[in-house]
Amino acid sequence: MTPDPLNRLVAQLAKLPGIGEKTAQRLAFHILRSPGEYAQELSQAIREVKEKVHLCTRCFSLTDAELCGFCRDNRRDERVLCVVETFADLMALERTREFKGRYHVLHGVLSPLDGVGPEQLRIKELLTRLGDGHVEEIILATNPDVEGEATALYLTRLLKPMGIRVSRIAQGLPMGGDLEYADQATLAKALSARREL
């Protein structure tokens, strides 16, 4: 019979996204086999992230200061603002090392069926941010799904009358992908977003 503390740990680990029962068991056994200091450091790291990490007051990214590192970095171009759904999307774009502007995190997308409207997202804060007149272009980097497209369209309708250039990240076939296996919507987007060489 498995001891209750171990069962409790497995149950808590299994609540993490993408972690099933077997993976939770493997993680729990790893923690159990590790030196006591490892468990203490892991526990402390979890406690610290819950106590110290919050939203940046400007872009709504994650930070342990008032402004995140992206907003504090004077080398970043404040004239270009990339709007993303989540912090994970921001980090994915940042890993490319291609974007040198600033970010704005919406914390979701419009989804009327799930009760998510404009007031549940950081859209009002985005509009307030644009009031200083520094931003010349907004890149909409929402996911290419129904909700992401609806959010991008909604934002475009709000932003275009402000005289700010609005662009959308390109969509289409991934590198190494085969046309034969691509779905019709992806192929259609790839054709419509073609560029001259």
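Modeller: Helices (H or I, at least four residues) and strands (E, at least two) are DSSP runs, numbered from the N terminus. This is a predicted model, where local features need pLDDT of at least 70, side-chain atom pairs count only at pLDDT 80 or more, and totals for chains, interfaces and linings use all residues. Residues are numbered from 1 along each chain as its sequence is written, and side-chain values use heavy atoms, with hydrogens and water left out.

Biologist: How far apart are the end C-alpha atoms of residues 79-174?

Modeller: UniProt, in an unreviewed entry, places the feature "domain: Toprim" at these residues, 79-174; such annotations may be inferred rather than shown by experiment. The span is 31% helix and 21% strand. Its end C-alpha atoms are separated by 29 Å.

Biologist: How many residues does the second, separate core have?

Modeller: Among the members of that core are F70, C82, Y103 and A141. The second core is separate, and its residues number 14.

Biologist: Which residues does L140 touch, not counting those up to four places away in sequence?

Modeller: Contact means heavy atoms within 4.5 Å. L140 is one of the residues that touch the most other members of the largest core. With sequence positions up to four places away left out, its contacts are V83, A152, L155, T156, V166, S167, R168 and I169.

Biologist: What is the handedness of the crossing of helix 1 and helix 2?

Modeller: Helix 1 (residues 4-14) and helix 2 (residues 21-33) pack at about 125°, with axes 8 Å apart. That angle makes helix 1 oblique to helix 2. L6, L9, V10, L13 and A14 of helix 1 meet E21, A24, Q25, L27, A28, F29, I31 and L32 of helix 2. The crossing is right-handed.

Biologist: How far apart are the end C-alpha atoms of residues 56-71?

Modeller: An unreviewed UniProt entry annotates residues 56-71 as "zinc finger region: C4-type". The chain there is 19% helix and 12% strand. The distance between its end C-alpha atoms is 8 Å.

Biologist: Is S61 buried or exposed?

Modeller: S61 is in the loop between strand 1 (54-55) and strand 2 (62-63). Leaving out residues up to four places away in sequence, S61 touches H54, L55, C56, C68, F70, F87, L90 and V105. Buried means under 20% relative accessible area, exposed over 50% and partly exposed in between (1.4 Å probe, protein chains only). With a relative accessible area of 0%, S61 is therefore buried.

Biologist: What is the phi of F60?

Modeller: Most residues other than glycine have a negative phi. F60 sits in the loop between strand 1 and strand 2, and its relative accessible area of 9% makes it buried. F60 is not a glycine, yet its phi is positive, at about 70°.

Biologist: What is the relative accessible area of H107?

Modeller: H107 is in the loop between strand 4 (101-105) and helix 6. Its phi is positive too, near 65°, in a residue other than glycine. H107 counts as partly exposed because its relative accessible area is 35%.

Biologist: How far apart in space are S192 and Q171, C-alpha to C-alpha?

Modeller: S192 lies in helix 8 (residues 184-192) and is exposed, at 57% relative accessibility. S192 and Q171 are 21 residues apart in sequence. Their C-alpha separation in space is 9.2 Å.

Note on methods:
Core = buried A, V, L, I, M, F, W, Y, C linked by side-chain atoms within 4.5 Å. Axes fitted to C-alpha atoms, helices over the stretch in contact; angles between N-to-C directions. Parallel < 35°, antiparallel > 145°, perpendicular 65-115°, else oblique. Left-handed = near helix turned anticlockwise from the far one by under 90°.
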